[in-house]
Amino acid sequence: MITMSENKLKCGVAGVGYLGQHHARIYSELENVELAGIFETNTERAAEISEKFGCPVFSTIEELGAACDAVSIVVPTDKHHQVALPLLEAGCHLLIEKPICQSLEEAADILEKAKQADLLVQVGHIEHFNPVMSFLEEAVVAPKFITADRLAPFQPRGTEVGVTLDLMIHDIGIVLQLVKSPVKLVQSVGVSALSPTEDIANARIEFENGCVANLNTSRVSSKKLREIRVFQPSGYLSLDFMNQAGHVVKIDGGQMKKSEVPIEKGEPLKLELASFVESVNERKQPKVGGELGKTALELAITITQQIRERASM
């Protein structure tokens, strides 16, 4: 049951590290939202964010849940399940950062408990709220071949999982949304470089409708890159998620005509959280619901297993 305070939705954040601090910031900025509090195991960090955004710090997840209508879970992936359960028991709607969990069993448990409690679960596949994705969802009609490149410099943050669950899962979610067809075949390779798990990965995904996607991901790159190219009978699209720009090449009378894409830039995380708040207030299914998050996780786990089986040969 939503308990509005002065008609404001009470939102909290579990985990206010690098990404969680921005969840707290945006909740403090959104209209009709009250940043009701945070939970953070690092006491110095908790005090810093509390002072910065003028919100209370709760000493337990249960206390945070009791004070909130909705909560962002921004803790390491291997802690998602144990943090989500008491929040669901407290009656909180959840936005769980990607990936939804580290295993399908944990994801299924969260979704079942949320269903039983009639609570919403949104998964933080942030690129679905990038203005680039909004354009792609309108422009992509019959994709035949997709290439996606996602490169990032190494950061110790996020290495509790391999690069497939850390970064490639963004593009997995994007491709699943654009192709809208069951997966037929997956072929994957990858290597570790600076962490115990894979830091570089490539996956070739063939769909039942004939579309093929080739995903390249690295978290040991010297530069940042988040680009996608989609080829379809009418031509192709080349988009840059990071700079929110791109172009379309159309085939017209045997000629190729290039045009820039008119994209209205915006902060994807703010758009994502605003959409989550709207879903909770209107009790409608989120754009990126738990089932899509679970499907993306399943494919990411398949890719990870293939990489590790190959490495052990």
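**A buried cysteine, and the chain around it**

Let's start with one residue. Cys-68 has a relative accessibility of 6%, so it counts as buried, since the cut-off for buried is under 20%. Keep in mind that this is a predicted model.

A disulfide needs the two sulfur atoms within 2.5 Å. Now look from the other side. For Cys-92, the nearest cysteine sulfur is that of Cys-68, at 5.7 Å. Cys-92 is in no disulfide either. Cys-92 is buried too, with a relative accessible area of 0%. Searching the whole structure turns up zero disulfides.

Now the whole chain. How many helices and strands does the protein chain have? Nine helices and 13 strands.

Next, overall dimensions. The C-alpha atoms fill a box of roughly 60 × 50 × 40 Å along the principal axes. The radius of gyration is 20 Å. A compact globule of 313 residues would come out near 20 Å, so the chain agrees with that.

What about the inside? Of the 313 residues, 53% are buried. Residues 24 or more positions apart account for 68% of them.

The accessible surface comes to about 14,500 Å². Carbon and sulfur atoms hold 50% of that surface. The chain carries 31 positive and 42 negative charges. Their mean positions sit 7 Å apart.

Key:
Residues numbered from 1 in each chain as written. Predicted model: local features only at pLDDT ≥ 70, side-chain atom pairs only at ≥ 80, totals over all residues. Heavy atoms only, no water. Helix = DSSP H or I, 4+ residues; strand = E, 2+ residues; numbered from the N terminus. Rg over C-alpha atoms; globule rule 2.2 N^0.38 Å. Buried < 20%, exposed > 50% of the residue type's maximum accessible area, 1.4 Å probe, protein only. Contact = heavy atoms within 4.5 Å. Areas by Shrake-Rupley, 256 points an atom, 1.4 Å probe, with all protein chains shown as cover. Lys, Arg positive; Asp, Glu negative; His and termini not counted. Charge placed at Lys NZ, Arg CZ, Asp CG, Glu CD.
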